[in-house]
Amino acid sequence: MSFAVQAKFDPMRKLAYTGITDDYAVIGAKFTHEVRCIWINNDTDRALTFSFDGIEDHISLPALGYFFWDITSNRNHDHRYFLPVGGKVYVRAETINPTTGRVTVYVMYGLEN
């Protein structure tokens, strides 16, 4: 019997600068699988704060900055270190609302074959 875990990607999540204010806004849909890797791009002209619960600040990115987290690509499927199904990414402006660009979230998950 053969066992393999394939890398799969959720559709890209994005939010235009017009949806970013000083209150947290969700970026796209909730996670449909356990997330193994996540990439967040701030392609706006302002520093932004990101959250995984919509309440606490977790990540701050400068204008045109990015965050990549390879959570568990070097572990097998038995290790339960993931971002959970149903999770979301939120964003807010730190000081001044952005005037151009968007934020984008990419997620990778593993699927048993």
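Two strands are taken to pair if DSSP finds at least two bridges between them. In this predicted model, strand E5 (residues 48–51) and strand E8 (residues 90–93) run antiparallel and are joined by 4 bridges. Within this pairing, phenylalanine 50 stands opposite valine 91 of E8. Both strands belong to an open sheet of 4 strands, which has the order E3-E8-E5-E6 and antiparallel pairing. Strand E3 (25–26) and strand E6 (59–61) stand at the edges of the sheet; each has a single partner strand, so one side of each is left without a neighbour in the sheet.

Strand E4 (residues 35–42) takes part in two further pairings. With E9, E4 runs antiparallel and is joined by 7 bridges, and tryptophan 39 stands opposite tyrosine 106 in E9. With E7, the pairing of E4 is also antiparallel and extends over 5 bridges; here isoleucine 38 stands opposite tryptophan 69. E4 is mostly covered, with 7 of its 8 residues buried.

The interior was examined next. In soluble globular proteins, nonpolar side chains tend to be buried together. The largest nonpolar core of the model has 20 residues. Those with the most contacts inside this core are Ile27, Ile38, Ile40, Phe50, Val89, Val91 and Val103. At least two residues of the core are supplied by each of E4, E5, E6, E8 and strand E9 (102–112). For isoleucine 27, contacts beyond the neighbours within four places in sequence include Phe50, Val89, Val91 and Val103. Arg13, Lys14 and Leu15 are also among the contacts of isoleucine 27.

Serine 51 lies in strand E5 and, at 0% relative accessibility, counts as buried. A polar atom of the serine 51 side chain lies 2.9 Å from the backbone nitrogen of glycine 54. The side chains of serine 51 and histidine 58 are joined by a polar contact of 3.5 Å. When neighbours within four places in sequence are left aside, serine 51 is in contact with Tyr24, Glu56, His58, Lys88, Val89 and Tyr90.

A search of the whole structure for aromatic pairs finds 3. One of them, formed by tyrosine 24 and tyrosine 90, is edge-to-face, at 6.5 Å centre to centre and with 75 degrees between the planes. Tyrosine 24 lies in the loop between strand E2 (13–16) and E3, whereas tyrosine 90 is in strand E8, so the pair ties together parts that are 66 residues apart in sequence. Both tyrosine 24 and tyrosine 90 are buried. The rings of tryptophan 39 and phenylalanine 68 have centres 5.3 Å apart and planes at 65 degrees, so this pair is likewise edge-to-face. Because tryptophan 39 lies in strand E4 and phenylalanine 68 in strand E7 (residues 66–70), the pair ties together parts that are 29 residues apart in sequence.

Tryptophan 39 is partly exposed, with a relative accessible area of 33%. Phenylalanine 68 also counts as partly exposed, at 43% relative accessibility. Together with Tyr66, Trp39 and Phe68 form one aromatic cluster. The ring of tyrosine 24 has a charged group over it: the charged end of arginine 92 sits 5.7 Å from the ring centre.

Notes: Residues numbered from 1 in each chain as written. Predicted model: local features only at pLDDT ≥ 70, side-chain atom pairs only at ≥ 80, totals over all residues. Heavy atoms only, no water. Buried < 20%, exposed > 50% of the residue type's maximum accessible area, 1.4 Å probe, protein only. Polar contact = N/O pair within 3.5 Å; in protein donor to acceptor, adjacent residues only side chain to side chain. Contact = heavy atoms within 4.5 Å. Phe/Tyr/Trp six-rings, centres within 6.5 Å; stacked < 30°, edge-to-face > 60°. Lys NZ or Arg CZ within 6 Å of the ring centre and 35° of its normal. Core = buried A, V, L, I, M, F, W, Y, C linked by side-chain atoms within 4.5 Å.
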